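Hello,

I am passing on a structure that will be new to you, and I have put together some notes to go with it. Have a look at it first, and then read on for what turned up.

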Amino acid sequence: MPDVTAGPILDHLKLYLVESPIKMARAQGVGSVRGSVKRVLIQLTTRCGITGWGEAAPWEVFTNTPESAFSALDLYLRPLVQGHPARRLRELLAKMDRAVTGCTDAKAGIEMAVLDILGKAQGVSVADLLGGRVRDSIPLSFSIADPDFSADLERMKAMVPAGNRLFKVKTGVKPHAEDMAHLEAIRDTFGDTVDLRLDYNQALEPFRAMVVLRDVDRFRPTFIEQPVPRRHLDAMAGFASALDTPILADESCFDATDLLEVVRRQAADAISVKLMKCGGMLRAQQMMAIADTAGLPGYGGTLWEGGIALAAGTQMIAATPGISLGCEFYMPHHVLTEDVLEERIANRDGAVVVPDGPGLGISVTEASLRAGAKVLAEA
Ligand SMILES: [Mg+2]
């Protein structure tokens, strides 16, 4: 007789390596993207027929390659997932960590699918499973990263009247004088109606970085993200103590271990939390427990996720008070030409609306997946 107290048992795992076209080129310092992005979508079904969806969205210059996430899921994680009780999620995460080092994107994707299943089985949202909502919408930040700045300025002219206030400029890709001219153009056009943030994506060398940062400081950014390479925590600490503008750690802070070091060395005033860096929603909340205690607010960052992973990020931030600096979940509405969801998560008044409904609060079918992305491989 099956043990009914065990709850749903994870059974069939279907993987899709997909490619989605994007509308605009993105120059982000650490790597440029043009044409399309690839990621892995996960369809996990229990013995009792509940299907959960997950997404592993690595970026090769940041965490991992999509092809290696696909093989890690197919060859190494699949045997651990199949037959495991969905309710024993933490045990599954520990098993996956023992079996495969890293691959945080693949593990985040599995966790997403399992939490989607648990929510659907109990008729509650993933945010409910993570402690319950503290917010119903999340301020949305759009990244100014088009190599053609005038195209971005035109986008802003349409987005600001629609209620968007948060804009993050990818600086350090072009010469400093050009960055200064662009920041000036933004403040001249929009004044203080926009909440401006800067992200160097590790572009500056510690030598002379302070000169550059003091220059851009006069545009009153809300924060300056990752000015120097990941390993230069002492330089980050120097900027954090010398500048009034807060320094935010992204590449310097992948997970809780990195965060302990950032806190110990006072290397940042805030952190960017990404499910693909830290390995999922429970780990993101674990990080924020440390960050809250140290007085560092969080920001909802992304790599190149589509609608499934962004739904997970939305549910997590809804239930994580310390992530108070908004999110950059703009891909489905502004960058991807199609998405695999039957209906995109709503954006209203410059904010992402946390979806109602059980699990991740989204609807995906094999048909909507095939209509919204090109399937490169399946397993
Ligand atoms: Mg960043």
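Helix α5 passes helix α6 in a right-handed crossing. In this predicted model, α5 covers residues 149–159 and α6 covers residues 176–190, and their axes come within 11 Å of each other. The crossing angle is roughly 20 degrees, so the two helices count as roughly parallel. On the α5 side, the contact is made by F149, L153, M156 and K157. Facing them from α6 are H182, A185, I186, T189 and F190. Sorted by class, the residues of this contact are six nonpolar, two polar and one charged.

Helix α2 (residues 89–99) and helix α3 (residues 104–122) have axes that come within 11 Å and cross at roughly 165 degrees. Angles over 145 degrees count as roughly antiparallel, and α2 and α3 are therefore roughly antiparallel to each other. The crossing of α2 with α3 is right-handed. Here L89, L92, L93, M96 and D97 of α2 meet K107, I110, E111, V114 and L115 of α3. That contact has seven nonpolar and three charged residues, with no polar ones.

While you are at α3, please look at M112, which lies in that helix. Is M112 buried or exposed? Its relative accessibility is 1%, so M112 counts as buried. Setting aside neighbours within four places in sequence, M112 is in contact with W53, G54 and E55, with L275, M276 and M281, and with I308, A309, A312 and L360. For a sense of distance, the C-alpha atoms of M112 and R208 are separated by 42 Å, and these two residues are 96 places apart along the chain.

Next comes the metal site. Which residues supply the protein donors of the magnesium ion? They are D199 (OD), E225 (OE) and D250 (OD), and they lie 2.1 to 2.4 Å from the ion. Along the chain, these donors follow the spacing D-x25-E-x24-D. E225 belongs to strand β10 (residues 224–225), while D250 sits in the loop between β11 (247–249) and α9 (256–264), so this pair ties together parts that are 25 residues apart in sequence. Residues under 20% relative accessible area count as buried. E225, at 0% relative accessibility, therefore counts as buried, and D250 is buried as well, at 1%.

Finally, there are two residues whose backbone angles deserve a second glance. Most residues other than glycine have a negative phi. N201 is not a glycine, yet it has a positive phi of about 45 degrees. Q202, also a residue other than glycine, has a positive phi near 70 degrees. Where is N201 found? It is in the loop between β9 (195–199) and α7 (206–216), and Q202 lies in the loop between β9 and α7 too. As for accessibility, N201 counts as buried because its relative accessibility is 5%, whereas Q202 is partly exposed, with a relative accessible area of 21%.

Best wishes

Notes
Residues numbered from 1 in each chain as written. Predicted model: local features only at pLDDT ≥ 70, side-chain atom pairs only at ≥ 80, totals over all residues. Heavy atoms only, no water. Donors = N, O, S within 2.8 Å, 3.2 Å for Na, K, Ca; no water. Helix = DSSP H or I, 4+ residues; strand = E, 2+ residues; numbered from the N terminus. Buried < 20%, exposed > 50% of the residue type's maximum accessible area, 1.4 Å probe, protein only. Axes fitted to C-alpha atoms, helices over the stretch in contact; angles between N-to-C directions. Parallel < 35°, antiparallel > 145°, perpendicular 65-115°, else oblique. Left-handed = near helix turned anticlockwise from the far one by under 90°. Contact = heavy atoms within 4.5 Å. Nonpolar A, V, L, I, M, F, W, Y, C, P; charged D, E, K, R; others polar.
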